[in-house]
Amino acid sequence: MNILDIIAKKRDKKELSKEEIDYFVDEYTKNNVTDYQAAALIMAIYLNGMTSKEITNLTLAMAYSGEVLDLTRFGENVVDKHSTGGIGDKITLILMPIIAALGIPVAKMSGRGLGFTGGTVDKLESIPGYNTQISVDEFMENVEKIGISLMGQTLNLAPADKKIYGLRDSISCVENIPLIASSIMSKKIASGANKIVLEVTVGNGAFMKNIEDARKLSETMIDIGKLAGKETVCILTNMDEPLGYSIGNTLEIIEATEGLQGDMEDDVKQVVLELGSYMIKLAGFGDDIEENKKKIMDCIDSGNAYMKFLELIENQGGDVSYINDVSKFENAKYVFPVLTDKVGYIQNIDAEKLGKISCYLGAGRIKKEDNIDNQVGLIINKKIGDKIDENDILGIIHANDENKLKNAVEEFKQCFKICEEYVEKPKVILGIMK
Ligand code: URA
């Protein structure tokens with residue numbers, strides 16, 4: 001078997017066999033297939049698609065490219081969560097400490113920013129000292145000791161996905177059902193939970209732009225879950241505008257901290273409650289979804305969720321004094337309010353473009369090896385349906401480069417479409433699939 005024949009086969013729209021997919025995943029993980037050969041194959045998959053058999057084989061090959069954790073020592077049902085990506089999506093940071101504070105073990109492997117979306121690992125790393133690159137042993141010990149660990153992808157867990165994920169990001173091959181489904185489900189299989197709740201984002205700030213594609217992606221992941229013996233629930237959420245009010249690494253840590261202290265934007269709260277209540281259900285801690293939502297609110301109000309967040313950060317080497325006093329996070333050099341010159345209602349927000357502006361300012365990567373600037377990003381002051389008066393602040397740009405700031409201001413204004421008629425607030429939860 002050789003990689004050139006495999007690339008040619010997918011280029012010519014033929015189905016790859018299990019052996020061919022295993023060969024590619026194995027040889028690429030071992031660096032025997034080059035990045036440019038892998039890029040050619042990934043682009044061919046992006047353009048020509050995959051059958052469900054191919055998607056399953058790709059998922060399993062990536063999941064078993066490293067260690068597969070056994071979490072049974074933490075209980076009969078261990079539940080995990082993942083998002084398909086979005087703008088300002090800080091749900092993991094808020095939800096996982098809540099779940100752990102409720103006594104449900106949390107062992108979560110997160111990703112870095114992908115395309116125009118942010119990643120939990122980058123956000124966590126903006127807390128001074130927080131170590132996302134821990135070994136699998138430490139990860140397990142943390143869960144044993146304090147009931148929660150959030151880490152980045154190590155070399156041992158789904159290493160093939162780690163490589164392909166970075167590669168896709170650098171060759172514009174992100175928004176694709178077979179590649180997203182196999183990437184997410186391979187990580188979930190490798191990290192060992194037997195119940196999975198997925199946040200499937202839909203809208204202009206998500207990889208799935210419409211509900212039909214989001215349903216297709218959900219079905220694909222639920223089917224993979226079934227084959228792998230993992231009960232999977234997908235919650236479809238609106239990403240036609242950023243989630244919450246901040247985009248950018250430190251800015252989102254600050255918003256998540258406030259959320260865990262009880263001060264949460266309504267859209268963030270709805271997603272936290274919906275996902276969380278299904279996680280509680282799948283973990284076997286309560287069948288009544290409305291009752292579970294109450295448990296989540298009580299956990300926040302009692303301060304237990306916030307205390308668990310502090311415990312998590314401290315346990316992974318982070319300096320909790322920044323969380324206890326978020327004004328310790330140094331601001332970017334320029335903190336620039338953008339005013340509106342129109343009156344009316346926000347009709348539309350280009351969330352994808354806001355994500356791209358945030359990346360351009362330095363919050364995300366253009367090349368695989370780019371460094372992240374934790375300080376930069378955007379604050380969104382007005383959301384869809386909000387009333388706008390002249391000279392209202394639409395948002396605030398946090399930048400460290402004067403030229404980038406100047407370019408961002410005009411682009412930022414263009415992201416908001418304002419009309420004269422009243423506009424209803426959009427629905428946040430768009431569907432649940434099991
Ligand atoms: N999250 C992942 O882990 N992979 C993707 O492809 C998209 C979102």
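Residues are numbered from 1 along each chain as its sequence is written, and side-chain values use heavy atoms, with hydrogens and water left out. Because the model is predicted, local features need pLDDT of at least 70 and side-chain atom pairs count only at pLDDT 80 or more, whereas totals for chains, interfaces and linings use all residues.

**View 1. The shell around the ligand.** His82, Ser83, Thr84, Leu114, Tyr165, Arg168, Ile180, Ser183, Ile184 and Lys187 surround the ligand, each with a heavy atom within 4 Å of it. By class, this shell holds 4 nonpolar, 4 polar and 2 charged residues, where Ala, Val, Leu, Ile, Met, Phe, Trp, Tyr, Cys and Pro count as nonpolar, Asp, Glu, Lys and Arg as charged, and the others, Gly among them, as polar.

View 2. The protein covers 96% of the 230 Å² of accessible area that the ligand has on its own (Shrake-Rupley method, 1.4 Å probe).

View 3. Three strands (DSSP runs of E, at least two residues) form an open sheet in the order 10-8-12 with antiparallel pairing, and its edge strands, strand 10 (387-388) and strand 12 (416-419), each pair on one side only. Strand 8 (residues 344-349) pairs with strand 10 over 2 bridges (at least two bridges are required for pairing), and tyrosine 345 stands opposite lysine 387 in strand 10.

Definitions and conventions
Helices (H or I, at least four residues) and strands (E, at least two) are DSSP runs, numbered from the N terminus.
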